[in-house]
Every structure is written in C-alpha cells, then in structure tokens.
Amino acid sequence: MQLLLSDHYRTARQSLERSRLRTFLTMLGVAIGIASITTILALSGGVSKVIGKQVAELGSQVAVVRPHAALPTLADLSNPSPSNAYSTSPLQERDITTLSELPATEAVAPLMTLSGSVRTHESTPNKSTIVATTPSLVKVNNLKISDGQFIDSVTKQNTAVVGTQLSIDLFGTDQSIGSNFLIRGQSFTVIGVLKRQNQPINYNNIDFDQAAIISLESGKLFNGGVAQIQQINVTAKPGTAMSTFSQKIQSSLTKNHDDQKDIDVFTGKEIAKPTSNLFQFISAVMAVVASISLVVGGVGIMNIMLVGVSERTREIGLRKAVGASNMTIASQFLIEALIISGIGGLLGFLGGYFIAFVISLMIPYDPTFSWSIVAWTASLSIGVGALFGLYPAIRAARKNPIESLRRYH
Amino acid sequence: MAAAPATPPVIELRDLKKRFGVGDAEHYALDGVDLTVEKGEFIAIMGPSGCGKTTLLNIIGMLDQSTDGEFLLDGKNVEDIRGGKQASIRAKQIGFIFQSFNLIERLNVLENVALPLTYSGIHHTKRIQRASDVLKSFHLQNREYYMPWQLSGGQTQRVAIARALVSDPSIILADEPTGNLDSKSSHIIMEELSEIHKKGNTILMVTHNPNLTTYATRVITMLDGRIDTDTAEPTKQEPKTVKKRPLSKSAKPPKTKKKPAKRKAKK
C-alpha cells in the first residue's frame, strides 16, 4: 500500500507536470478560497488576541459594570442604530460610591464618554473621544503617563489629560503640557500626556491615544450636572474571589436601581466577550463567503479531473489491462486531486497570510498565527480535494478497459 | 477436457458465449466456445475479422466478461474471483500485447515497460532494473529514455512486447503482436515469444499471418464465434508439447509437480 502511494504520487506528479498551466489555474481556484479563509481566521484571531491580551494585562481582579444589553441578534447587526446604542445608561453617580464602599473593592473608575468636538483655534482633529472619569482610572486601567500628570482630586476642573495622538493632532507635538484647547467651546489646559497605547480596540471602547480625559465634574457640567456613565471599572483587592465579588456588585447595584436588574457585571474573559462576539460574527459571515469561493475552487478541481479522466481513458484501460484494480485507478486520480487541492491550499495559506499582513498595515491589529488555523485550512483543502476528486476518481475506476483501449484507434 | 481433475488446465472454457447488443441487433461474438489450454502451449488463433478472436482473448484476459458459459483459470471459476483479485492476476500472471501499441505517451520507454510491475507491488528501483533487463533482451537498451513518440513503429511494438513480458507472466495474450512490424522484426519477436514459451509460458496469439503459425504448437481457426479447426485434435501437435516440458521443468522448479501428472493425463 505504501508502495502504491508513492507510485501514485509519482504518477500524479508526472501527469500534473504535463499540463502545468491547467494545474496551476486549478490550484489557484483552491488557493483563493483558502487564502480568504486564512486571512479571515488570522485577522479575527488577531482581534481576539488583542482583547484577550488586554484582559490578561488587567489581571484577574477587574470587574466591568455595563448597562444590561440583550444578546446581539442578526437584526441588531444590520440596524444602523441599535436601540441600546444611544439609550441613557442606568448607571448613576451614586453607584460609584456604592461600589467603592464594598469591602472587597480596591478602586472604582467610571467612564463617561461625551460627544462633541475637541479642537484648538488652528486645528480640528477628526477623531477624538472625550472621557470624563475619576483619578482612579489611571490605576484601574493601568494607564501610563509619558509627560505631566493624570487628573487628580486637586487639579482644576478645566484641565485635561490627552492621548499622544490627540496631542499631535491638536498641537503637532506630543509635548503639549500647558497648551490650551477647546471642548465644546470651553477651554481646557493640558496637564498630562498619556503614553502611546496602540490599543484602539479594547473593552473600554475608547481609544486612549485619541482621548481627552477630563474630570467627572467637568463632564457633568457638559451634561446638565448629571453623570451619564457608560461603564464602571472596578478592581478588587488581591485575593478576592471574583465570582462572589461580581455577585456582590450585581446585588448592591440592583438595590440602588429599585430592584431593577438593569446592569451586567463582567469579569475575566467575559469582559471582552461583546467585542469578540461581534468580530466572531463578522468573521463567520466572511468565512461563509470565503467558503463559497472554496466550493468554486472545488468545482474547478472536479471539472479538470473529469477532463483528465476522459483524456486519459486509454491510459486507464491500459493500466487496468496490466493489472490495476478499480481501487488503484480510483486512488490514483483521487491522489491527483488531493495534490492539486493540497498545494493550492498551501499556496492559499501563504497568500492568505500575505494578504492578512498587508491588511494589517491599514487596521490597528496584527494577524495571529495559530496551529488551529493551519489545521483548519489543511483539513479544508484536503476535504475539498477529496470531496470533489471522488466522483472523477470513481468514474475513472468504472471505465470499461476494452472500450477505453478501443478509443482513439 | 483432456485434463485430469488433479491438474487443472491453465485455461478451460466451456460453452462460452458473448453477446453484444440487444433485440434485433443482438449478435453473438462468441457462440459456444469450448477450449482447453494446457500449461506451456503456444496457440495461434486465426480466422477472419469479426470472428471473435479478440473477444475471446479479452475474456481470457479478464478484461471482459462472458455472457454465458464457464471460464476456469487454473481450475478456478473466474466468476468467483473478486475484481481486485482479478486485477492482481492480470498484473502477475497475464501479459497483454495489443494490436495497437498502447504505450503511455508521457512516460518514457523504461517507465512504460516497468508499468505492470507497479501493480504487483515491486519497488520502484527494482522495477526499473527489471524493465531495463527486458529491454536489453530486445536490444532496446539505448532507447530506455526515449519517449514513445520518438520511436519507430517497430520499436514501439517491441517496447510494448517487452512490457508484456516484464512481469514474467505465465500466460501471454497477444493480439496481432507483429501486425506493425516488418518481417525481419516479426521474426525477432516471434523468436522471443518462442523463447518465452520454452521457459514454460502459455501463449495465446491472434494473428492473420499464416507464416507465424509455425512458431505455435497448436493452431486454432475460428469462424462466426466458434472454433472451426483445432490442430490439438490430431496427434501431430502432441509430441511437440511433450518435448517442451523438460525445459519448462528446469526453468520453473516450483511448478514441476504438476507437469508429470499432466503429461500422463495428456497421453
């Protein structure tokens, strides 16, 4: 059997080499399908990895409180403005106090994002986020300051900390301490610049490189004196069991909210879940599209194999006459199909990573390599070869030797 | 028929029929052929075109199935042999020589000759060696790496014959083996075939050339799907086959047991 396998390989290689262009084009069909799947898997793996890494960096002691949201459905994805996107958050300022009073709590940081432009008289960056928070954010989120200081309880209300990129966008330099800029027409002074994070996708949904961080008090002033909190990050004291801590948060906040269960508490991997859910969904949709191209590639294999079978009818007849069994003929053609799909898959895999790297130059995260991607693409390409090579192989095997030999006489 | 039950003949056909077509187009290519071929016979099958010679050869080579009748190969009913086993019998025991050359165009001469060995599970290197040896005996050693289309017609057919002989089959089925050769090459081939025959092989050859029947030990003429004349019936051919036996004995020791018994049976 082993002997026959190597013979089949030799035979297949000879016949594939004879029609190089045809073989190459057929491989290309598979390669394109596999390449798109590889790209998708590599990039979506990159997203999950980025989020997972952030969660890991946070440590296991972080709990995130968000307004309760129903699980996203297909309709939500196609809805240009899902109902919960602009709805008022049930999180209140007194929740912060409640949480910080819990015995296991170490620090609490609310995140209040404000809409509105950030600008100077000279320039208006097109991308910026205004975040109002408390000084403990620097601890909870492990933010690093490259220059100056973070907002604290004694800093004045019209001071702000800006992300590196925002500083550059506003002032053309990341050394912008003391410079003034406008938030909703009100002047703020830069007292600190954050170190570059390069994490545009994170569980806070805030790109801190583009953010202007102001105190919660200033934020409230923009909102009629009421805090509009989208998320509260809580860190527990070391050694706290997170599941009980999260239950504790849930129960005390429910009590705050007239016994309405209108918030969710996330810990550990769950924190990244909503984000990665979305990406998983997007990549699943894209994978379906990619697998259609893979099926087209498979049909190409089948097509070319059928051509090969009818071209080599006489050879099949002869091989049978000199002792090839139906099984042998079938496996010869099947192996040929597998070589096409296998090499096509390999090319596609390499090409897919190339595309993923090119795309990653334009988007904020890098593709990942994982053995599961290798396993997926390998089994897909082999599967396609086997699936679409089977029928031509069976057809070849069933050829009548006499009729096959009589042809072309 | 002449065979004793202890030593089955190599080939035994009983009332073999092969029908083609249905209804009014129905036509029997073979219409009740009875034939017993003993080991070591060299049979020439003659007859007009369309008398069923090639069909007979195909059925004996298990490339085709009979519609009716029995075909026993080495005493075993072929119908009871599974497809895969039939293939391996073809690989090891039967050598085909075709009217047309039937070389695989994209394989070189050496690979073409080595092809049957692939299916008897012989290692690549060894296959090439054997093929090379056979080609040498056909004086084609200088053409080993030629492609089929680089050979003359005569050379091509000699390569095809070399291929049929490479696995050292016990039965050689030749359909007009010299049809494309000039008389000189024809005789070289026929000498080669009788050499193989002397080593104990059974040869069935379809031919139109009456001159070539002189190499055969038995000549069968077919007409309309039946055997018309058979030189095995008169005693004239008997001594020849008997003479060959001792040679085959020395060439093929494992099979000697059968032969004395067979000789007795024949007498």
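Me: Where in chain B is B:Arg163 found?
Reply: In this predicted model, B:Arg163 belongs to helix H5 of chain B, which covers residues 153-166.

Me: Is B:Arg163 buried or exposed?
Reply: B:Arg163 is buried.

Me: What about a partner of opposite charge, how far away is the nearest one?
Reply: The nearest side chain of opposite charge is that of B:Glu105, at 9.4 Å. A salt bridge needs the two atoms within 4 Å, and B:Arg163 has no salt bridge.

Me: Then which backbone oxygen lies 2.7 Å from a polar atom of its side chain?
Reply: That of B:Asn102.

Me: And which residues is B:Arg163 in contact with, leaving aside neighbours within four places in sequence?
Reply: From chain A, A:Leu318 and A:Val322. From chain B, the list is B:Phe98, B:Phe101, B:Asn102, B:Leu103, B:Asn112, B:Val113 and B:Pro116.

Me: OK, on to the interface. How many residues of each chain are in contact?
Reply: 26 residues of chain B are in contact with 26 residues of chain A.

Me: Which residues of chain B lose the most area to chain A?
Reply: B:Leu63, B:Arg106 and B:Tyr119. Together they account for 34% of what the chain B side buries.

Me: How much do the two chains bury between them?
Reply: About 2,200 Å², with 60% of it on carbon and sulfur atoms.

Me: How many salt bridges does the rule find across the interface?
Reply: Two. In one, the side chain of B:Arg106 meets that of A:Glu315, with 2.6 Å from N to O. B:Arg106 is also among the residues of chain B that lose the most area to chain A.

Me: How many residue pairs are in polar contact there?
Reply: The rule finds seven residue pairs in polar contact across the interface, counting pairs with both residues at pLDDT 80 or more.

Me: Which elements of chain B give two or more residues to that side?
Reply: Helix H2 (83-93), helix H3 (109-118) and helix H4 (124-137). The largest share comes from H2(B), with five residues.

Me: What does that side have by class?
Reply: The side of chain B that touches chain A has eleven nonpolar, nine polar and six charged residues.

Me: Switching to chain A. How many helices and strands?
Reply: Chain A has 13 helices and eleven strands.

Me: What share of chain A is buried?
Reply: Of its 409 residues, 48% are buried.

Me: And what share of its contacts with a separation of 6 or more joins residues 24 or more positions apart?
Reply: In chain A, 80% of those contacts.

How values were computed: Residues are numbered from 1 along each chain as its sequence is written. Chains are lettered from A and ligands numbered from 1 in the order in which they are written. This is a predicted model: local features need pLDDT of at least 70, side-chain atom pairs count only at pLDDT 80 or more; totals for chains, interfaces and linings use all residues. Side-chain values use heavy atoms; hydrogens and water are left out. Contact means heavy atoms within 4.5 Å. Buried area is the accessible area (1.4 Å probe) that two parts lose on being put together, summed over both. A polar contact is a pair of N or O atoms within 3.5 Å; within protein, one must be able to donate a hydrogen and the other to accept it, and residues adjacent in sequence count only if both atoms are side-chain atoms. Helices (H or I, at least four residues) and strands (E, at least two) are DSSP runs, numbered from the N terminus. Ala, Val, Leu, Ile, Met, Phe, Trp, Tyr, Cys and Pro count as nonpolar, Asp, Glu, Lys and Arg as charged, and the others, Gly among them, as polar. Buried means under 20% relative accessible area, exposed over 50%, partly exposed in between (1.4 Å probe, protein chains only). Lys and Arg count as positive and Asp and Glu as negative; His and the chain ends are not counted.
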